[in-house]
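Please look at the sequence and the model shown here before reading on.

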Amino acid sequence: ARYDIIFCDVMMPAMPGIELHAHVAARAPELAQRFVFMSGGVFGDRASEYIASVRAVVLGKPFSIDEVRERAARALTDPPWA
């Protein structure tokens, strides 16, 4: 299945968000460019470096619906890789 956008938490129990992103990037690079990473805390060094290297859109928790809409629009119309 293909998705327009993926909202992904950076910290997840089974697989960190950056690992999920790397997995998707290897199989569907165009989809990997449409990730919005969410986080309620401070990124560790590895996550910070990875997110900066892929120039991902980030959404800090807590967030409003307006912030979700803005980040989604940014990921879809003004992609960080452009």
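Pro62 lies in the loop between S3 and H4. The model described here is a predicted one. The peptide bond that leads from Lys61 to Pro62 is cis, with omega near -10°.

Arg55 is placed in the loop between H3 and S3. Although Arg55 is not a glycine, its phi is positive, at about 55°.

## The sheet

Three strands form an open sheet in the order S1-S2-S3, and their pairing is parallel. S1 and S3 are the edge strands, each pairing on one side only. From one strand to the next the twist averages 30°.

Between S1 and S2 the parallel pairing extends over four bridges. Asp9 stands opposite Met38 in S2. S2 and S3 also run parallel and are joined by four bridges. On that side, Phe37 stands opposite Val58 in S3.

In a regular strand the side chains alternate between the two faces of the sheet. S3 has a covered face with Val57 and Leu59, while Val58 and Gly60 belong to its uncovered face.

## Helix H4

The residues Val68, Arg71, Ala72 and Ala75 of H4 are buried. Because these residues cover an arc of only 100° around the axis, they lie on the same side of H4. An α-helix has 3.6 residues a turn, so residues three or four places apart point the same way. The face of H4 turned away from its buried side carries the exposed residues Asp66, Arg69 and Thr77.

S1 and S2, as noted, pair in the parallel sense. H4 packs on the sheet and touches S1, S2 and S3, and its direction makes about 175° with that of S3.

## Helix H1

Helix H1 (residues 17-27) has Gly17, Ile18, His21 and Val24 as its buried residues. Seen down the axis of H1, these residues fall within an arc of 120°, so they line one face of the helix. Ala26 and Arg27 are exposed residues on the face of H1 turned away from its buried side. The buried residues of H1 pack against S1, helix H2 (29-32), S2 and helix H3 (45-54).

His21 illustrates this packing. It is found in helix H1. Not counting residues up to four places away in sequence, His21 touches Ala32, Phe35, Phe37, Tyr50 and Val54.

## The nonpolar cores

How many residues does the largest nonpolar core have? It has 13 residues, and those with the most contacts inside it are Phe35, Phe37 and Ile51. At least two residues of this core come from each of S1, H1, H2, S2 and H3. A second, separate core has six residues, including Val36, Val57, Leu59 and Ala75.

Leaving aside its neighbours within four places in sequence, Ile51 is in contact with Val10, Ile18, Phe37, Phe43, Ala56 and Val58.

| Residue | Relative accessibility | Class |
|---|---|---|
| His21 | 4% | buried |
| Arg55 | 47% | partly exposed |
| Glu49 | 57% | exposed |

Is Glu49 buried or exposed? At 57% relative accessibility Glu49 counts as exposed, because exposed means over 50%. His21, at 4%, counts as buried, because buried means under 20%. Arg55, at 47%, falls in between and therefore counts as partly exposed.

Glu49 has its place in helix H3.

Technical notes:
Residues are numbered from 1 along each chain as its sequence is written. This is a predicted model: local features need pLDDT of at least 70, side-chain atom pairs count only at pLDDT 80 or more; totals for chains, interfaces and linings use all residues. Side-chain values use heavy atoms; hydrogens and water are left out. Buried means under 20% relative accessible area, exposed over 50%, partly exposed in between (1.4 Å probe, protein chains only). The arc is that of the directions from the helix axis to the C-beta atoms. Two strands pair if DSSP finds at least two bridges between them. Axes are lines fitted to C-alpha atoms, for helices over the stretch in contact, and angles run from 0 to 180 degrees between N-to-C directions. Contact means heavy atoms within 4.5 Å. A nonpolar core is a set of buried Ala, Val, Leu, Ile, Met, Phe, Trp, Tyr and Cys residues joined through side-chain atoms within 4.5 Å.
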